[in-house]
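Here is a note on the model, in numbered points. Please read it with the coordinates open.

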2 protein chains.
Amino acid sequence: MVRFQPCHTSLFFLHVMSSIRYCINGKLISGITPTNRGFAYGDGIFRTMRLLDGELQDWPLHYQTLVADCSKIQIVCPSAELLMQEFKYFMASALGTDQSSGIIKIIITRGDGARGYAPPAICEPTRVFIHSALPEYPPEIYSTGVALYTCQTRLASQPLLAGIKHLNRLENVLARAELKDPRFFDGILRDYDEHVIEGVSGNLFISKDGVVMTPPLDRCGVAGVMRQKILDWYKTQGRPVVTTTLVMENLLTADAVVIVNSVYGVLQVTHIDEQAIATNEWARELRAQLNYVVH
Amino acid sequence: MVRFQPCHTSLFFLHVMSSIRYCINGKLISGITPTNRGFAYGDGIFRTMRLLDGELQDWPLHYQTLVADCSKIQIVCPSAELLMQEFKYFMASALGTDQSSGIIKIIITRGDGARGYAPPAICEPTRVFIHSALPEYPPEIYSTGVALYTCQTRLASQPLLAGIKHLNRLENVLARAELKDPRFFDGILRDYDEHVIEGVSGNLFISKDGVVMTPPLDRCGVAGVMRQKILDWYKTQGRPVVTTTLVMENLLTADAVVIVNSVYGVLQVTHIDEQAIATNEWARELRAQLNYVVH
């Protein structure tokens, strides 16, 4: 008998839908043309980050990642100045409302295009800011941890797009759609070689005999900013994380497993499918070390 | 010295941009919300077809394909009645203009969503019609044929999405962006096992010693409607096309190679990279057999 608690988040999304606000290319509008290449081909990238007291958390690292991701698909990322100017305008327009915290998703696409795959010779990248409330996570995800299921959906190996948080996310959609059981918080994605790559919505780390490990993301997967923060932190501690191929057995026999992203921070994994796994205080310690503020 | 003629089509797209018209969910508007799952994740499908004298060419086959593609990613395709009603309204709104011919692109997405990959429990698929003029192809593509380049961009193997014309098209964007030389009409896409899969914008057939062959699309690639028409036609002739693994050598030593899609029809391939390949009257014959009307 599995005793862990439901933490299905779908219901929480419903009541925040109405409060979603947008800023597109510096204007408070809600319309993208259907010829925008982000819509037509998923020709763009995005990042999701926390907003706390009007400040974007880890903005320098997020911006650096936006630039790197854009570059990999040959989009010239808008300047930090332009993005900050539009963000500040967006925030100012919400004065008097309870929107100084929550989540900001930034989407950058190649811009508007004509018909056909060829990137237009001249185009201005589209900048979209979306504000939404932080999901009301059950407190148990921080006090106890979360259960993950093993997805049947596999990630294809495509080194050209690996690591990038691009808008071609059908694999994640199919994997997330597998989740019917409310006891599970998220899924574990593997590639076709049985290697564990990541969670559907976050990156995975394991610790075993004092060594911290995470899967390489050079063939598929998304390299999250929280993952990068953790890699950077361990480096400053003089005990770098080992990036190495992992299979399910490594997770099941680890001393601890955590799933991480910029929104929910670092969460202890307590179960994988029906099986309880070893847990300790790792997630709580990492949150403290990274100054992650639990909502 | 290569003597084939330039047929770069990018320039032709520019002057038709201004005449692009849209119909979204039955309304003559041009705005998609940024939370539409087609924009957020490429969570949808599309097809492009010819419009001739106000009629969508091969509509029954296109609709059948829309339904099949939607089903593969768990979207309930809107009814043919609804799509036809919206198409007729869209066409009626263009009366008096020169828009009874051209190209219609139909995009169907899962609909509007909240934040997160999970498909909403309840959502109405988004229907988008986009009308644009037929590209002004150089007459040589029909009289002589076209040259193709071999793309460095490879297609990832993902059986779950193979064959579907979904909105996750970054591979095609990267492949098309390789084309700098105006002598080339389109590129040839291979997978990571050196198998030829398709053109960037169309499917490939070869003939050798009286046998017609085309690559399987069960691991990657898009199964086009013109490809299906050709498969169906050969079947009715009692000499079915052989679906079989092909490598570049098979194309270079074929008796003839054609590239096909619903917009430009069937084109003879005359060159691959710098190499001339054997040609015959196959493309012209296929166009006649399939009643393709050259613009």
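Which residue of strand 5 of chain A does Ile107(A) stand opposite? The answer is in point 2, after a word on the source.

1. Source and conventions. This is a predicted model, in which local features need pLDDT of at least 70, side-chain atom pairs count only at pLDDT 80 or more, and totals for chains, interfaces and linings use all residues. Residues are numbered from 1 along each chain as its sequence is written, while chains are lettered from A and ligands numbered from 1 in the order in which they are written.

2. The pairing asked about. Ile107(A) stands opposite Val128(A) in strand 5 of chain A. Strand 4 (residues 102–109) and strand 5 (residues 126–132) of chain A run antiparallel and are joined by seven bridges. Helices (H or I, at least four residues) and strands (E, at least two) are DSSP runs, numbered from the N terminus; two strands pair if DSSP finds at least two bridges between them.

3. In chain A, five strands form an open sheet with antiparallel pairing, in the order 1-5-4-2-3. Strand 1 (21–24) and strand 3 (55–56) of chain A stand at the edges with a single partner strand each, so one side of each has no neighbour in the sheet. Helix 4 (residues 80–92) of chain A lies across strand 1, strand 3 and strand 5 of chain A, and runs at about 35° to strand 5. The angle is taken between N-to-C directions, from 0 to 180 degrees, with axes as lines fitted to C-alpha atoms, for helices over the stretch in contact.

4. The hairpin. Strand 7 (residues 184–191) and strand 8 (residues 196–199) of chain A pair in the antiparallel sense over three bridges. Arg190(A) has Val196(A) in strand 8 of chain A as its bridge partner. Four residues lie between the two strands of this hairpin, and Glu194(A) in the turn has a positive phi of about 70°.

5. Overall dimensions. Chain A has nine helices and 14 strands. Its radius of gyration is 19 Å, which agrees with the value near 19 Å for a compact globule of 295 residues; the radius is taken over C-alpha atoms, and the globule rule is 2.2 Å times the number of residues to the power 0.38. Along the principal axes, the C-alpha atoms of chain A fill a box of roughly 55 × 45 × 40 Å.

6. A buried position. Ala283(A) lies in helix 9 (residues 282–289) of chain A. Ala283(A) counts as buried because it has 26 C-beta neighbours inside 10 Å; the cut-offs are 20 or more other C-beta atoms within 10 Å for buried, 12 or fewer for exposed, and partly exposed in between, with C-beta atoms placed from the backbone. The residues that Ala283(A) touches include Gly145(A), Val258(A) and Leu267(A). Contact requires C-beta atoms, placed from the backbone, within 7 Å.

7. The two chains. A rotation of 180° with 0.0 Å of shift along its axis superposes chain A on chain B, with RMSD 0.0 Å. The two copies are thus related as by a two-fold rotation axis.

8. The interface. In chain A, 51 residues are in contact with 52 residues of chain B. Helix 6 of chain A gives the most to the side of chain A that touches chain B, with six residues. The copies meet through the same surface, because 100% of the interface residues of chain A are also interface residues in chain B.

Terms used. Two residues are in contact if their C-beta atoms, placed from the backbone, lie within 7 Å. Copies are superposed by least squares on the C-alpha atoms of residues with pLDDT of at least 70 in both. Lists of a residue's contacts leave out its neighbours within four places in sequence.
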